Amino acid sequence: MSFLLTPLQYEFMQRGMIAAVLVGIVCAIVGTFVVLRGMAFFGDALAHTILPGIALGYLVSGGAREPLFWWALGTAIVASLGIGAISKNSQIKEDTAIGIIFAGMFALGIALISTVRSYAVDLSHFLFGDVLSVSAQSLWLILLFGGIVLFTIFAFYKEFATLSFDPILAATLRLPVDLLNNLLLVLIAVTVAVSLQTVGVALMVAMLVTPAATAYLLTNRLSKMMLLAAIFASLSGVIGLYLSYYLSIASGAAIVLTATVFFMVAFGWRRYL
Amino acid sequence: MYPHTHHQTNQPILDVSHLAVHYNGHVALEDITFHLHEGERVAVVGPNGAGKSTLIKAIAGVLQPSSGDVNIYGSHPDKHVCIGYIPQRSQVDWNFPVTVADVVMMGRSAKLGPFNWPRKKDWEFVNHALETVEISNLASRQISQLSGGQQQRMFIARAIAQESELMLMDEPLTGLDAPSQDGILNLLDRLKAEKVTVMVATHDLDQAASHFDRIMLLNHRIVAFGVPQEVLKTEKLLEAYGGRLRSTENGNVVAVDDCCDDEHV
């Protein structure tokens with residue numbers, strides 16, 4: 001029992017735990033659509049594309065962490081709609097266009113951060129997350145914006161489900177298809193901003209797809225897939241943070257590795273049992 | 001509510017005039033003019049790449065015509081929710097985590113409107129639709145567990161739950177075994193009683209002749225459109241299919257090219 005309780009006597013562990021669970025749930029629910037619509041690459045690209053925005057915010061605010069959420073949010077929304085427009089209208093293939101932009105923006109972000117002397121440490125926080133440094137204020141932002149994302153998905157559940165399963169049906173039912181597609185891109189963008197401190201840009205895609213993919217293996221209902229994904233993501237957050245505490249490994253990596261183990265167990269269970 | 005358009009009942013359920021669709025300079029359809037009567041069943045036949053799928057999508061309002069007009073009860077299709085589009089089975093993600101009842105309920109999305117969840121009345125529509133196509137027992141199955149015929153019935157049920165008055169079906173019989181094909185054709189006969197107008201793209205000239213009121217022979221333009229015995233004449237078929245016809249022992253004419261992969265444009 002003390003094994004479980006000891007880490008929780010630290011306030012930063014309590015906050016980290018709450019942040020990891022909240023972020024996990026939001027990522028898992030949004031990730032359900034990312035998985036079903038084959039948008040994993042988009043999610044990965046989007047996460048990387050916001051780095052220059054964070055870097056700029058970092059330089060402007062002189063190293064303070066709190067304003068970074070807003071920079072991340074703004075960049076993510078602009079980038080998601082931009083990538084969405086490019087993949088629709090581009091002459092070159094969609095994944096190539098996304099690849100070019102995402103690598104270029106990522107490089108720009110690294111270049112900007114490298115102008116600061118302590119850049120290695122700061123860069124690694126942006127890349128891999130630092131959930132144990134989440135402040136009370138950040139936690140409220142995660143709760144607020146994560147709540148907005150979940151509420152929006154709940155409100156448009158049948159529209160998103162219909163559109164994801166059969167876009168032509170959605171069009172013949174005269175659902176606002178373009179609006180819903182852009183809304184989903186914005187929801188993914190907000191999710192990325194909300195998750196930044198927990199897993200960082202480099203590991204973000206794992207939070208979006210791994211718990212949802214695990215759930216996909218285990219159920220045939222969309223609503224159950226969302227529920228299971230949220231459970232796997234929350235467990236990954238909690239278990240990951242204990243692992244991080246006791247084995248002294250980076251928290252973001254520990255969370256993602258835990259989620260990956262869940263996926264492999266589910267995969268093996270489906271495959272061989 | 002999502003946009004709905006009122007029907008002018010003095011106008012035909014479907015009126016197409018001088019419709020043309022071009023893709024990248026390539027002509028898919030040109031000068032298509034015809035109209036349908038309420039409750040009739042029309043088969044659209046023609047060789048691969050004749051534009052059957054394109055015609056169906058243009059009528060459904062999911063593809064913009066290059067020129068010409070499509071009118072459903074007097075107005076453009078893009079505000080009508082009475083058009084049931086039944087996709088080719090190959091274009092569906094059968095591993096999507098939904099049950100048969102979930103898919104049929106999707107047909108209610110427009111009538112439900114934003115922010116509303118299915119009510120008792122909507123479940124009654126879904127149950128009635130499943131009964132009509134005789135798959136009530138499969139309501140809670142995941143869709144990958146259905147046979148080809150059951151998959152097609154599910155989509156027809158979805159169109160019924162949508163309260164569609166014009167059902168557009170793209171190759172509903174392709175890849176089904178003979179009993180399943182008969183089942184679907186009998187089902188279409190029953191829909192006639194419910195005043196549903198049905199337009200079906202098909203490859204089978206015999207089925208087109210035996211189960212449909214009128215046949216449209218299509219090859220980028222309308223080669224012939226009328227009752228089966230009028231349309232299925234050798235010279236008209238030759239005009240539509242070119243050399244890709246052969247005669248069977250009993251004197252029927254059969255199109256040689258039988259399937260459809262190049263038609264997904």
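Residues are numbered from 1 along each chain as its sequence is written, and chains are lettered from A in the order in which they are written. Because the model is predicted, local features need pLDDT of at least 70 and side-chain atom pairs count only at pLDDT 80 or more, whereas totals for chains, interfaces and linings use all residues.

Chain A has 13 helices and 0 strands; helices (H or I, at least four residues) and strands (E, at least two) are DSSP runs, numbered from the N terminus. The radius of gyration, taken over C-alpha atoms, is close to the value of the globule rule (2.2 Å times the number of residues to the power 0.38), so chain A is as compact as a globular protein of its length.

| Property of chain A | Value |
|---|---|
| Radius of gyration | 18 Å |
| Box of the C-alpha atoms, roughly | 55 × 50 × 35 Å |

In chain B, strand β5 (residues 83-86) pairs with strand β6 (residues 166-170) in the parallel sense over 4 bridges; pairing requires at least two DSSP bridges. Ile86(B) has Met169(B) in β6(B) as its bridge partner.

The largest nonpolar core holds 165 residues, and Leu168(B) is one of those with the most contacts inside it. Such a core is a set of buried Ala, Val, Leu, Ile, Met, Phe, Trp, Tyr and Cys residues joined through C-beta atoms within 7 Å, where buried means that 20 or more other C-beta atoms lie within 10 Å of a residue's own, with C-beta atoms placed from the backbone. Helix α11 (residues 177-218) of chain A gives the most to this core, with 24 residues.

Conventions. A residue is buried if 20 or more other C-beta atoms lie within 10 Å of its own, exposed if 12 or fewer, and partly exposed in between; C-beta atoms are placed from the backbone.
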